[in-house]
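Visitor: Hi, I'm new to this one and would like a walk through it. Could you show it to me before we start?

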Amino acid sequence: MLRLSIIVPFYNVEKYIEECIRTLYDQDIPQEEYEVICVDDCSPDGSRAIVERLQKEYPTLRLICHERNKKLGGARNTGLKAANGQYIWFVDSDDTISPNVLKTVLISAEKSGLDILQFDYHRANSFCQILEPDREIQVGENYLFENNSQKWYDKLSGAWLQIFRREFLCKNELQFVEDVMFEDTDYLLHAFLVAQKVQHISIYAYNYRVNESSVTKSPMTPIKIAWRVNLLVRCGQLIEIVTMPNAHYLISQMISQSLSSLRNSLKHLTLIQKLEYQRNLLANINTCKPFVNWRTWLAIRYGITWFI
């Protein structure tokens, strides 16, 4: 079995994908010990041609092509199904990883059979994100919430911020929601809540690019508001597996504050935009009721904001 599978979904990233892939091979373990799986999510630009060219240079670079666009979550699921590595690293195609980090990362994960190993990252042209000092192995829920009530949400920044043991992901049937935006947070929250062996190491393994054309940086739209509501509903559904009282409180507080913020965003939509928002609600909005007052719930459920 390979030690690692690096999964790289791509869509409209021809400016960045070659740099991304080359950093994945600028590493300190033999290329035969890991694979890179690029998933073409029906990208309309020249990204696929770049990957095909690089395959001639890197024998362990694999390419899988979708027949329809499934968005980032669907592409990650496709990569995971095809992966052969003991550990999985989801890398975004407009980012890079640091040189010569794979040996340290893999040894840290393998020696204790970790379910999740998390590390630190550089934010391009901005700052270095330090989650916390090195810590002993913990149950995932304790790792997120114990003695760290103010920063737990930072640990859910992205699927790229950690590596996962593949057997752990498969055993717990952890799949990203497909065909939506904002698929990371609930996936990561679920993973940490069921993980038994989690650890953090202080190493800058990842380099996050601030891409102004990305989903998270582009302007808010009715569809994006709907997808954010869907995400928060999915997070609310995970509370039933929470065991720590303070964890229940912190998750509820995050959902409540986020829904209130989205309610305010709804106030600025036109009637047509509110109808577009309603058409894109996928989840059972009743799940939101325990977290907000009746005004916010009506606004989120029906787009009614005249009384706010």
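Guide: Let us begin with Asp179, whose place is in the loop between helix 6 (166-171) and helix 7, where helices (H or I, at least four residues) and strands (E, at least two) are DSSP runs, numbered from the N terminus. This is a predicted model, in which local features need pLDDT of at least 70 and side-chain atom pairs count only at pLDDT 80 or more, while totals for chains, interfaces and linings use all residues. Residues are numbered from 1 along each chain as its sequence is written, and side-chain values use heavy atoms, with hydrogens and water left out.

Visitor: OK, and what is the phi of Asp179 near?

Guide: Phi of Asp179 is near 65°, a positive value in a residue other than glycine. Most residues other than glycine have a negative phi. Asp179 counts as partly exposed, because its relative accessibility is 34%; buried means under 20% relative accessible area, exposed over 50%, and partly exposed in between (1.4 Å probe, protein chains only).

Visitor: Which helix is Lys71 found in, and what is its phi?

Guide: Lys71 is found in helix 3 (residues 71-82), and although Lys71 is not a glycine, its phi is positive, at about 65°. Lys71 is partly exposed, with a relative accessible area of 27%.

Visitor: Back to helix 7, how many of its residues are buried?

Guide: In helix 7 (residues 184-194), 9 of the 11 residues are buried, so this helix is largely enclosed by the rest of the structure. Among the buried ones are Asp184, Tyr187 and Phe192.

Visitor: New topic: how many disulfides does a search of the whole structure find?

Guide: The search finds 0 disulfides, a disulfide being a pair of cysteine sulfur atoms within 2.5 Å. For Cys38, the closest cysteine sulfur is in Cys20, at 7.2 Å, which is too far for a bond. Cys288 is in no disulfide either, since the nearest cysteine sulfur, that of Cys235, is 10 Å away.

Visitor: And how many aromatic pairs are found?

Guide: The whole structure holds 17 aromatic pairs, meaning rings of Phe, Tyr and Trp (its six-membered ring) with centres within 6.5 Å; planes under 30 degrees apart count as stacked, over 60 as edge-to-face and the rest as tilted. Tyr121 and Tyr208 form an edge-to-face pair, with 6.4 Å centre to centre and 80° between the planes. Tyr121 lies in strand 6 (residues 116-123) and Tyr208 in strand 9 (residues 198-208), so the pair ties together parts that are 87 residues apart in sequence. Both Tyr121 and Tyr208 are buried.
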